[in-house]
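This report covers a metal site and a chain interface. The sequence and structure are shown first.

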Amino acid sequence: MENVIVTNGLTKCYKEKTAVDNLSIAIPEGKLVALLGVNGAGKTTTIRMLSCLSKPTRGTAEVYGHDVIKEPDAVKRLVGISTQDTAVAENLTVRENLEFMAGIYLEKDRIAAAVETAIDAFSLREYEKKPAKTLSGGWKRKLSIAMAIIGEPKVLFLDEPTLGLDVLARRELWREIEGLKDRMSIILTTHYMEEAEALADRIFVMINGRVAAEGTLDELEEMTGKKGLEEVFVDIAERGTR
Amino acid sequence: MTYRALNFTKRNLKEMSRDSLSYIFCVAFPIVMLVIMSIVNSSIPKESGMTIFRIDNLAGGIAVFGQTFVMLFAALNVTKDRSGSFLVRLFASPMKSGDFTAGYILPMLIVAFVQVVISFAAAKVTALVTGTELEIAGLAFAAFAVLPSALMFTSIGFIFGTLFNEKSAPGLCSIIISLGSFLGGIWFDVDRTGGAMEKICRCTPFYYATKVARAAIHLDLGKETFLFPMLIVLGTAAVMTFLACFVFGKRMRADLS
Ligand SMILES: Nc1ncnc2c1ncn2[C@@H]1O[C@H](COP(=O)(O)OP(=O)(O)OP(=O)(O)O)[C@@H](O)[C@H]1O
Ligand SMILES: [Mg+2]
């Protein structure tokens, strides 16, 4: 099985803070991987480096064999990102936002079909003519994620996709994310353990910029001797910071 | 122009067409200024020989004054995008810095053109009402002749919007608006002032932008009155546009580091 992402000693230092510290991971193709970690653990910074939004201080990272520093153009074509804050054009309608993003990534004749697919995949039909600024936070987030997948990326980064969503909307978004899994590899960060439990094939726990543990839920349970991801996570996090 | 730049241009045009500020700048503002200044003009005694506010001179001045507000608008548009995550998402896409620069500047040129057409239409109406002579051919020619200065002001605004945040960029633009309209000789006749004041005015591109607009309306293509000033405006516009591309590219790389 091919690895979509391989990092080697990937490091990001800010002035007095090492946000990501010597990260060496491999993420297999076609999987949904959850990046867990307390606030400031370095999840967003990792995603930013992998999507060419931030230059690594040291180390290397490859997406489908393309180096993020040397071949950013190739990487950018393969990667879709939904940032921690929603990123939509406020005065454009839902449909126009999708058309705009599709226009960046796709050939002209494929735009219309891609927009329809995205609208259906995220149940946006009812809102397609509404300006983005009139959407509620949850729907804006759905739009933001739909915009991330419309360019048909091979790798999708979802940074806290269900932040601020109600229980029902979250469940629905889980189903929608689930539906993307056979089309792309997904790297998702979250603070909701049940979300990682429900969606992730593989879990990485980050502490202070390093990966403290990695594996399937079963493997992590066995490793820590705890039951359920929440207990497992607390155990790893407390051990790691002690 | 790449398809991506065109795509981004379309987005910015749509975004602006739904912003009420566009209509204030494009429609309301030039008309209000024309009316006010024409009233001022009507109260200036004929014997004073002061023609700066006479509609044939005023129209050119207002055209350039309007462009200074297009500059402010350009700066606002960029700072607005920079303050949210939307640009971050685009930085992660295959868009190049040239696509961004083109996509921000082109729609502003369209706004500037619409603005000048509306200003000149209002000027023609004012001329008819006041019984002053104002040729349509001159206005039509001037509408195109002021495009280089529109590019100059748009690029300046784009540079401010790229370098500064939404709090400081408008402030800096207002400095240029005040300085530009004053030193550009929109509100007084620089050539009749003389002395140090005239020398200072002649050192700014704004003076030449105003000169071009006024001469074009009079269909005056003289070397001193039109061609020479036009060259200076074109040169400044080219330099500013180049600088805008450079500054945005640099900023983009800094944001990505
Ligand atoms: N631009 C920056 N300048 C300085 N420090 C930064 C910058 N960006 C991030 N950091 C620091 O790097 C560390 C990791 O931040 P990061 O945003 O990656 O954490 P995170 O795991 O995404 O946290 P959260 O769960 O709160 O989103 C933090 O300590 C943060 O303060
Ligand atoms: Mg984060």
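## Magnesium site

The model is predicted: local features need pLDDT of at least 70, side-chain atom pairs count only at pLDDT 80 or more, and totals for chains, interfaces and linings use all residues. Residues are numbered from 1 along each chain as its sequence is written, chains are lettered from A and ligands numbered from 1 in the order written, and side-chain values use heavy atoms, without hydrogens and water.

The magnesium ion (ligand 2) is coordinated by OG1 of A:T44 and OE1 of A:Q84, at 1.9 to 2.3 Å; donors are N, O and S atoms within 2.8 Å of the metal (3.2 Å for Na, K and Ca), and sites may look incomplete without water. The two residues are 40 apart in chain A, A:T44 in helix α1 (residues 43–50) and A:Q84 in the loop between β7 and α3.

## Interface of chains A and B

Contact (heavy atoms within 4.5 Å) joins 35 residues of chain A to 22 residues of chain B. Of the area that the chain A side buries (accessible area lost, 1.4 Å probe), A:N91, A:F100 and A:I104 together account for 25%, the most lost to chain B.

Two salt bridges (Lys or Arg side-chain nitrogen within 4 Å of an Asp or Glu carboxyl oxygen) are counted between the chains. One joins A:E96 and B:R18, N to O at 2.6 Å.

Conventions
Buried area is the accessible area (1.4 Å probe) that two parts lose on being put together, summed over both. Helices (H or I, at least four residues) and strands (E, at least two) are DSSP runs, numbered from the N terminus.
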